[in-house]
Amino acid sequence: MRLLVKWVLAFVLAALASIAARVQTIPAGVFASSHPENASVRNADEKSVPTITRSSFGFQCGTGRPTNCPNETWPTTIAQPGMIRLWDSQVQWHSLNTAPGAYQWRTLDGYLDAIASHQPRDAMYTFGYTPCWDTKGKCEGGWGSTYPPNDLTASGSPSFNTFVTALLAHCSPAGHCVKSSIKYWELWNEANAESYWNGTIPQLYELMAPAVALIRSKVPGALILTPPANRGDTTWMRNWLNEENKRERLSDIFSFHVYLQNNLPEPRFATVKEMVDLKNSTSGWSDTPWMNSETNFDARTFTCSSRYTSDDCIGQMVRWHLIHYSYGAQHLSWYFFNTTIGHNPDYSTAYRSMMDWLVGGHFVAACSPSGNVITCPFMQANGHRSMFVWTFNGESQYSPGTQYVDYKALSGSTTTLSPGKPLTINVKPIMLETAN
């Protein structure tokens, strides 16, 4: 946590200082809604600032909307993240295991084949939803149940273990197998929310522990993610981490879900910081990699608010990623990716540019503010030093250091810098580059 002290506080103070001059560009309440009372924070997860790979960028596909790559299709956008997360993709437990010993694999087969035809690609499977035939709890036929299976005991659930065994052994008719296609395994979606899990934390541990053993025995290099709590629920996540500490460690990666919720990325990151601080302050977890495995602008509409311009929305999308990675995030996955990004050429161009800039490189330090300007020092894959720079509140003048010779814009253009001449910067980050 090299720089994690004062970063969000600095953002809040800088924003408050400039609001009077730029109130028309900052929606009322943005900073107040982002926990400024908890804004005394440290700046970076110094334990791990990893090299960024294609799999640092994630997306979800599914049949929820016609625009969101339905029926196992693949987004045709130029923006192509390196990991697909199979949640709400009609491959949850209840969808695949329709009766005792009965399975419907067609949809999963479609994804396995699509993943195989779009290599290199990582995949994440997220557990969730008990089949109606396997629980006495409330159940909806189309969605399954949020209650534990009937046969769950302190030693696990035979019915769930049977499903996991069948899942791990499954291959599509084309020969694409789960055990060789899916490396990341997330332990029950948003189990802190009653809409996804109505058992206890000990019950969830008892359900998942035997399954984790099965996964590790069948999947080479499998990586296990914690159940991803949503809404910044540090209380639930603390209890889960302590449960693993008390019994036996299951997870390799600390996972959670935080959306922008119509806030700006800079103050909203305080909620992400609270989750990461929890991990780092829990015994045995400080060195554990972390992911925000589901995000978007808004968790209800999955769109950017109409109160923002298109440039504002594009800038928020990119800045949200940059800030996460500069703080050590291993991965950020965009829910309803194709609906939000893939169907909008301006979004997809910016996302593609961001990936091109970042893959193979690493952040030298966390993003930090100076007044209304945010900078993030970065080392590119080619060894060239660079600097991301933007404002989060209107436009500003910025004078680059003399070491920078050009800058790249999200549109894909490269512009040569004139020595001593300031730039006009705005909500869409640019990348300043050195000659070497």
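Trainee: Which cysteine does Cys304 form a disulfide with, and how far apart are their sulfur atoms?
Mentor: Cys304 pairs with Cys313, and the sulfur atoms sit 2.1 Å apart. A disulfide here is a pair of cysteine sulfur atoms within 2.5 Å. Keep in mind that this is a predicted model, where local features need pLDDT of at least 70, side-chain atom pairs count only at pLDDT 80 or more, and totals for chains, interfaces and linings use all residues. Residues are numbered from 1 along each chain as its sequence is written, and side-chain values use heavy atoms, without hydrogens and water.

Trainee: Is the disulfide of Cys304 and Cys313 left-handed or right-handed?
Mentor: Left-handed, because the torsion about its S-S bond is about -85°.

Trainee: And is Cys304 buried or exposed?
Mentor: Buried, at 15% relative accessibility. The cut-offs are under 20% relative accessible area for buried, over 50% for exposed, and partly exposed in between, using a 1.4 Å probe and protein chains only. Cys313 is buried too, with 4%.

Trainee: New topic: how many disulfides does the count come to?
Mentor: The count comes to 5. With the bonded cysteines numbered in sequence order, they pair 1-2, 3-4, 5-6, 7-8, 9-10.

Trainee: What about Cys171, what does it bond to?
Mentor: Cys171 bonds to Cys177, with 1.8 Å between the sulfur atoms. That link is right-handed, with 100° about the S-S bond. Cys171 is partly exposed at 31%, while Cys177 is buried at 13%.

Trainee: Why is the disulfide of Cys61 and Cys69 left-handed?
Mentor: Because the torsion about the S-S bond is about -105°. Cys61 is buried at 0% relative accessibility, and Cys69 is buried at 2%.
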